[in-house]
Structure formats: C-alpha cells, structure tokens
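Keep the sequence and the structure in view as you read.

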Amino acid sequence: RAQWQKRVDDSKKKKDSRKNLRKFKRRQAEELPATDFRVMISRVVASDPTFPVLDLSNHFGMHGLSPAQRVRALEKLAHGRCLEMVKLKQLKLDDACAPALVALLRSKHPLEAVSFELNNLGEAAIIEIAHAIKGHKHLRELNLANQRSAISTTAMQAMVDAMEDVPSLVVLNLGDVRDAGMRWRVQAATT
C-alpha cells in the first residue's frame, strides 16, 4: 500500500511539474516576442550599427498592437541612421500606415531593400510610397507584391515612374502585372 501511494504521489508531482513547465513556456512565448519587438525598435532608434536589418515580418509583437499603436511603432522606425534592410511583410499594414512608411523611406537610413509584401496597402498608400522613393540614393529593391487587393494601374504607373527616377533600384516587385505595357516598363527599368 505504501509503494502504491508513493507511485501516485510521484505521478502527481510529475504531472504538476509538466503542467508548470507548460505554463512557464506559454508565458515566456507571450512575453518574449513583445520584449524582442521593443528591443528591436529601440535599437533602430538608437542607430545601433550592429543592427542593419530589421525583420518584423508576421511578428507577434506587431500583431498584438492596435492600429494606432502599430502606426506609432512604425513612426519610430524613421528615427535613426543605420538600417539597410527593412522587412514588414504580413503585418496588416493599410493606408493609415502610409505616412509612417513614407517617413521611413525618407529617413536618413541608408535603405537598400524594403519589403511591404503581403499587407493591405491600397492605391493611395502605394502612390505615396512612389513619391517617397523618388530620388532615393541607396534603394536597390522594393517589394510591394501580394497586397490584399490588386494594385491598381494608377498606383503601378506611379511606382514605375518613380522607379525610373531611382537608378539604383534594380528590383521592383509589384506582383502580377497584367498590363503588357506596364510589364515592359518594369522590365526595362530593372535591366
């Protein structure tokens, strides 16, 4: 009987320790991404030269923010001077985020590659982005493909016009370009 009771007690202890471990891991998974997110933003703002690439693609910390908080976080990215590559894929960015994205593109960061892929940027936002990249000195690659809505011909026209004004821009990904003339202009501008 004593051995049986000991086995039951040991079994309960193991079960409790597994349960506590699961709780700890769950809590850690909930807390760490937000902390990492804040640390990444602060490193950008502080112009940390060891942090030239910011990848917030589908980041838990960004998804946990309200739309207004998301805009404020994006606005902070415009501060600093060290980013060379920014990936903001699949973050539910929409037209309300456009001014912050434009500020990032016009910032003093020596941006070479930017990805706003898999978001919800509409015609107005893409036209604002096109105006922001005109005359950019370092930008080599811009990815706007796979927006929730198809990119309008007007927005594509603005983007291709801007690309022609940025000789360093060799990759412009707009996704599926249905208009043959526009597709030819994109190919001509990137070669």
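Buried means under 20% relative accessible area, exposed over 50%, and partly exposed in between, with a 1.4 Å probe and protein chains only. This is a predicted model, where local features need pLDDT of at least 70, side-chain atom pairs count only at pLDDT 80 or more, and totals for chains, interfaces and linings use all residues. Residues are numbered from 1 along each chain as its sequence is written, and side-chain values use heavy atoms, with hydrogens and water left out.

Q: Is Gln90 buried, partly exposed or exposed?
A: Gln90 sits in the loop between β2 (85–87) and α4 (98–105). Helices (H or I, at least four residues) and strands (E, at least two) are DSSP runs, numbered from the N terminus. The relative accessible area of Gln90 is 40%, so Gln90 is partly exposed.

Q: What is the phi of Asn58?
A: Most residues other than glycine have a negative phi. Asn58 lies in the loop between β1 (53–55) and α2 (60–63). Asn58 is not a glycine, yet its phi is positive, at about 50 degrees.

Q: How do α5 and α6 run, roughly parallel or roughly antiparallel?
A: Axes are lines fitted to C-alpha atoms, for helices over the stretch in contact, and angles run from 0 to 180 degrees between N-to-C directions. Angles under 35 degrees count as roughly parallel, over 145 as roughly antiparallel, 65 to 115 as roughly perpendicular and the rest as oblique. The axes of α5 (residues 123–133) and α6 (residues 153–164) come within 8 Å and cross at roughly 10 degrees. That makes the two helices roughly parallel.

Q: Which residues of α6 does α5 meet?
A: Contact means heavy atoms within 4.5 Å. On the α5 side are Glu123, Ile126, Ile127, Ile129, Ala130 and Ile133. Their partners in α6 are Thr154, Ala155, Ala158, Met159 and Ala162.

Q: Why are the buried residues of α7 on the same side?
A: In α7 (residues 180–190), Met182, Arg185 and Val186 are buried. The arc is that of the directions from the helix axis to the C-beta atoms. These residues lie on the same side of α7 because they cover an arc of only 100 degrees.

Q: Which residues does Val186 touch, not counting residues up to four places away in sequence?
A: Val186 lies in helix α7. Its relative accessibility is 10%, so Val186 counts as buried. Beyond four places in sequence, Val186 touches Val160, Met163, Leu172 and Leu174.
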